[in-house]
Amino acid sequence: MSCNKLFSGFFGVRQLYRTSLGVLVIAPAYLSAACAPVSAVDFSREIRPILSDRCFKCHGPDDAAREGELRLDVRETAVQSAIIPGDAEASEFFRRIITSDPEDQMPPVESQRPRLDAKQIALVRAWIEEGAQFDRHWSLRLPGHGEPPQVEGADVRNPIDRFLLARLREEGYAPSPAADPRTLIRRLSFDLVGLPPTPDQVEQFVADPSAGAYSNLADRFLGSPHYGERMAMYWLDVVRYADSNGLHGDQFRPHSSYRDWVIKAFNDNLPYDQFVLEQLAGDLLPDSGFEQQIASGFNRLNMTTQEGGAQPKEYRAIYQADRVRNSSAIFLGLTMGCAQCHDHKFDPLTMRDFYSWGAFFSDIEEVAVGAQQSTMMRQVRHHPEQSWMDNRIAELQQVLATQTPELAAAQLAWEKNPEKTLDDWTLLKPVSQASQAGFRLVAEDDNSIHLAEGESPKRDQYTIQFKSDLSSITALYLEVLPDALSPGGGPGRSSNGNFVLNEFEVVVDGQPTQLQGATATFSQTHYSVEAAIDGDIGSGWAILPRVNQAHHAVFELASLPDRPGPRVIQVVMKQTYGDAHVAGRFRLWATDSPRPLDANKTVLVQSVARTLSKSAAERTSAQNAELSAYFRTVAPALASTHKELSALLERQKKIGGPQRAILVSRRLETPREVRILPRGNWLDETGEVVQPAIPAIFGALDVEGRRATRLDLARWLADAENPLTARVHVNRLWKIVFGRALVHPPDDFGAQGNVPLHPELLDWLATQFVQSGWDTKKLLKLLVTSAAYQRSSLGAAIVRQRDPENDFYARQNRFRLDAEMVRDNALAISGLLNPNLGGISVKPYQPAGYWAHLNFPVRTYEHDTDGNQYRRGLYTYWCRTFLHPSLAAFDAPSREECTVERPRSNTPLAALALLNDPTYVEAARALAGRMMAGVEHTPTGRIELAYRLALQRAPRLEEIELLLELFDRQLHDYSLRTKDAEKAQAVGLSPSRGESSPEKAAWVAVARTILNLHETITRN
């Protein structure tokens, strides 16, 4: 169409335009843009973002929100109703976007969305004139396999540079020169290990002129054990890892073993597809080991509640929605959470997709309301000695678990006289029993004590007396039994079948007897059996969620003088929790067997004794297996094996303990039913029941008619044919080393997200990543060895003006270190850093009273007083509602949701944290000690040492002069205020070098200034 015809058509659409002031203003710009030569319009990159931003809310995928029965995200419906391909002027869609009639204009006035500008109108017109072709959103198509452009020059070091340079030349930009070696090693060290390089590392690199020096440096950092810690920092944000459950009382939740698994997975360079599989479905893998079980803790990172009045059904819906929202964001980069209450308004995702995705997680065993049940698991090991020890322990345990012909023969001989190896327990017959609350306790024929039928006490104290002929009593054994009268099936009389034994007290022959230990076959999280003998009436032993079954506890008595019986034993059971959390049926046993005595062993011994009372022909296969297993614990032939195993287990405890509690995935035999919830309302059960399925836009899983599992979901996500998984991960790795993602924001690969400026580069990197075997280290090596990565962050003023966000990567980015790294940097510079890997979460200094509003229970923060005080920031106890204030000051997230990009603010709080947090003041004191010890007689030399430690460079002359002037002022002031000088050198737990003096206090002030420099906390 000619410009004359266009001009005529533009003003001839409606008579209204002749008098519209709006048309007189916008027409020249529109005509200018429209008449300029236009190349083929890219629908995905240029048109879809316009439609998504201005049209899809009312004319997109959401059926419920669609107006006028017009759908503009599907070509078939669009051309039927509003678009005439090849003729923009005749298209009602085009007429509506250029009209000034408020009755007809689109977007409508009430939408508060801006009108299309001249450039956008020109693009839409050209697109319609070219045939109004649609295509699938760029992120839903498989990555292309295009070759890098043929670009030559000194700025090309690998294919990444070919893509970026071609675009830079197209834009008319010249790239910045390469950064100097000291900047490079500092940048690379922070990006790959999250710590500053040491002065020796810097000088060695600067002095190495070889061509492979930089590549070798990258390899050394990628091979560092601290690489896994650096990568874990970003991943823990993504998966919302925390040490507290986040809701109501925000109670502690043991999960640090998962964090350690992530560190090890990155250090071992676990292929990313396997990394995905083990986290989503480690418990379902055919060869699942303890590390895969720990990895499956990924599914348990959602926030949970223990609030007494919370509704279980509501929170099951909340947990399900959380998993859908976060897992789709983590692996697909899609905002699937928008489809919880209605079909997605911008992306082809429906409510059915949302709830079908949630059904994948309906097989996870968890407590809807209450403390989640943790599992004791072996720890992930980071050091060779620890791994060797674990392997040897496993070998010895295998020996002890294996029956041999020799052991079978020895067992037959043992069965004829087993008494010497069996603990002898005597069932106690109650003489009297009383309820302090006035309720009736009944002694049954089996010597159990039963709370009579009727109303149960809210709280109570049971006192039971027995007589025994034992001359010596070493332990009592409490057997709490299922109770048919309990509303929840017992053993407790509460509505959920639980009980809380707050205190268990024993009186023998009228004398209170001290209890020295307690064990149980099972204890509820935070309600261990040891709490029943700790003297604190506010704590106690409980057994949720394992109700409807017997529970066993053994209480060891302290030394009791022998004397002939009969002896009178009185047991007091204090149950003060409330709401009928009292035991409904129980019985007690006593023994004089030698200590130590264990509940699990006691239950086993009783079972073995029952089996031995039967003839060999009467025993079941399970009883025979149990008998053989017990014999191997007492067999003389295995004594040396037991001895070696005990020694190794004891040694293992000294280096961190053999096991640690963690929440892992446990699959339910029958998954919970999942319905579509109309408008997200958990009370509405009219919605259709759905089965696990991926979003329909991606097709369907090939599961041959069976119910799909989390393992099927994980395999689909980790498949090379999935268009999003590799792109999303590559995009985040790019952000780590360039400070800005190729797709920005990095959490939205959907229609509302920005189209990447370098789509061919993103696709090439994604395909290379998959072809490499999902090798994260290899991809990072490729990124950091590009010329683009190694450029200076200084750029020409004109380029900065035209490209302020550095979208075209003409220069490197400089930005403040992440919160954990700010602290790690100070500790490393000062020499205080504890470099140990893994372990439980630690507690650095924190302001007194910061946790004052934490309730259920009330908690007091106690900072660590040993080497844990100086652990890296990623090990800090992550309390969601009261995040450590120093982390919060530097923009660390609470991790209530998946966070793929932290904000970077510049606030007075950050400056105050650097100046006043005891960690940084102590670091300054320790740095001053290094300065004075390193260059004893030269003030200038001390400043130079501090600069090499903190900034990896020598100070400029004016910097030396300023700091020497500061030192002189501070020395003068502290000489007059010796008490203040002493205080400046007393902050923190670490020992001070030498005696306190005004001079040392002055150097602390200098060190404090260096640690507070903008350059010190900036990655460049």
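Me: In what order do the five strands of the open sheet with antiparallel pairing stand?
Reply: This is a predicted model, in which local features need pLDDT of at least 70, side-chain atom pairs count only at pLDDT 80 or more, and totals for chains, interfaces and linings use all residues. Residues are numbered from 1 along each chain as its sequence is written, and side-chain values use heavy atoms, with hydrogens and water left out. Strands are DSSP runs of E of at least two residues, numbered from the N terminus, and two of them pair if DSSP finds at least two bridges between them. The open sheet is antiparallel in its pairing, and its order is 3-6-12-8-9.

Me: Which strands stand at the edges of this sheet?
Reply: Each edge strand has a single partner strand, so one side of each is left without a neighbour in the sheet. These are strand 3 (430-435) and strand 9 (511-513).

Me: Which residue in strand 9 stands opposite Val 508?
Reply: Strand 8 (residues 503-508) runs antiparallel to strand 9, joined by three bridges. Opposite Val 508 stands Gln 511.

Me: Which residue is the bridge partner of Leu 478 in strand 13?
Reply: Strand 7 (residues 475-480) runs antiparallel to strand 13, with six bridges joining them. The bridge partner of Leu 478 is Leu 588.

Me: How many residues of strand 13 are buried?
Reply: Buried means under 20% relative accessible area (1.4 Å probe, protein chains only). Strand 13 (residues 585-591) is mostly covered, and of its seven residues the buried number is six.

How values were computed: Helix = DSSP H or I, 4+ residues; strand = E, 2+ residues; numbered from the N terminus. Buried < 20%, exposed > 50% of the residue type's maximum accessible area, 1.4 Å probe, protein only.
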